[in-house]
Amino acid sequence: MSKIMMWLFVLLAWIAGPPSPDRAAEERWDVKEGYVVAKEDGRVLAVRDKVPDRHTPLNRILEEAMPNAIWLTVSPADYHAVEIGDHIGISIPNGAINQSYPAQTAADVKKLNSP
């Protein structure tokens, strides 16, 4: 019976095939722009897409944004220059990102005009 189940699984995986490269590229976030959803202790939390309701709980925002959220450790000037809801440009000088969720890195940010 287990051999039948194994072959059935292989057959289903073969039929489904690999994910579409176009869809995978569409879902990837380049971490060059985002929206501030939280600020604490010299860090800002940015997500890929704008959150329509400012009163949405942070845990729900993170669930819906997964995997597109990142904590950015920023300079005091950058920290005070942006507010929750702002559209920001993100520059990661050393290019290193801790791939936890949310991801974490040091960055420079600047407020952008909303699209």
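How many Å² does the accessible surface of the chain come to, and what percentage belongs to carbon and sulfur atoms? I read about 8200 Å² for the chain, of which 57% belongs to carbon and sulfur atoms, with areas from the Shrake-Rupley method and a 1.4 Å probe, where for residues only the protein chains shown count as cover.

**Ground rules.** I am working on a predicted model, in which local features need pLDDT of at least 70, side-chain atom pairs count only at pLDDT 80 or more, and totals for chains, interfaces and linings use all residues. I number residues from 1 along each chain as its sequence is written, and side-chain values use heavy atoms, with hydrogens and water left out.

**Confidence.** I looked up the pLDDT, the predictor's confidence in each residue on a scale from 0 to 100, and found a chain mean of 84, with 76% of the residues at 70 or more.

**Elements.** I list 4 helices and 6 strands, running α-α-β-β-α-β-α-β-β-β from the N terminus on; these are DSSP runs numbered from the N terminus, helices being H or I with at least four residues and strands E with at least two. Among contacts in the chain with a separation of 6 or more, 62% are between residues 24 or more positions apart.

**Cores.** I note that 30% of the 115 residues are buried, where buried is under 20% relative accessible area, exposed is over 50% and partly exposed is in between, with a 1.4 Å probe and protein chains only. A nonpolar core is a set of buried Ala, Val, Leu, Ile, Met, Phe, Trp, Tyr and Cys residues joined through side-chain atoms within 4.5 Å. The largest has 16 residues, of which Val44, Ile70, Leu72, Ile88, Ile90 and Val109 touch the most other members. Strand 2 (43–47), strand 3 (69–73) and strand 4 (87–91) are the elements that give two or more residues to this core. A second, separate core holds 10 residues, including Val37, Ile61, Leu62 and Trp71.

**Asp78.** I found this residue in helix 4 (residues 76–81). Is Asp78 buried or exposed? Asp78 is buried yet has no salt bridge, and Lys110, the nearest side chain of opposite charge, is 10 Å away. For charge, Lys and Arg count as positive and Asp and Glu as negative, while His and the chain ends are not counted; a salt bridge is a side-chain nitrogen of Lys or Arg within 4 Å of a carboxyl oxygen of Asp or Glu. Not counting residues up to four places away in sequence, Asp78 touches Ala107, Asp108 and Val109. With that same exclusion, I see Val109 touching Asp78 and also Leu72, Val74, Val82, Ile88, Gly89 and Ile90.

**Backbone.** I checked two cis peptide bonds: Met66 to Pro67, with omega near 5 degrees, and Tyr101 to Pro102, with omega near -10 degrees. Pro67 sits in the loop between helix 3 (58–65) and strand 3, whereas Pro102 lies in the loop between strand 4 and strand 5 (103–106).

I also noted positive phi values at residues other than glycine: about 55 degrees at Val31 and near 45 degrees at Asp41. Val31, in the loop between helix 2 (21–27) and strand 1 (33–40), is buried at a relative accessible area of 14%. Asp41, in the loop between strand 1 and strand 2, is exposed at 73%.

Conventions: Contact means heavy atoms within 4.5 Å.
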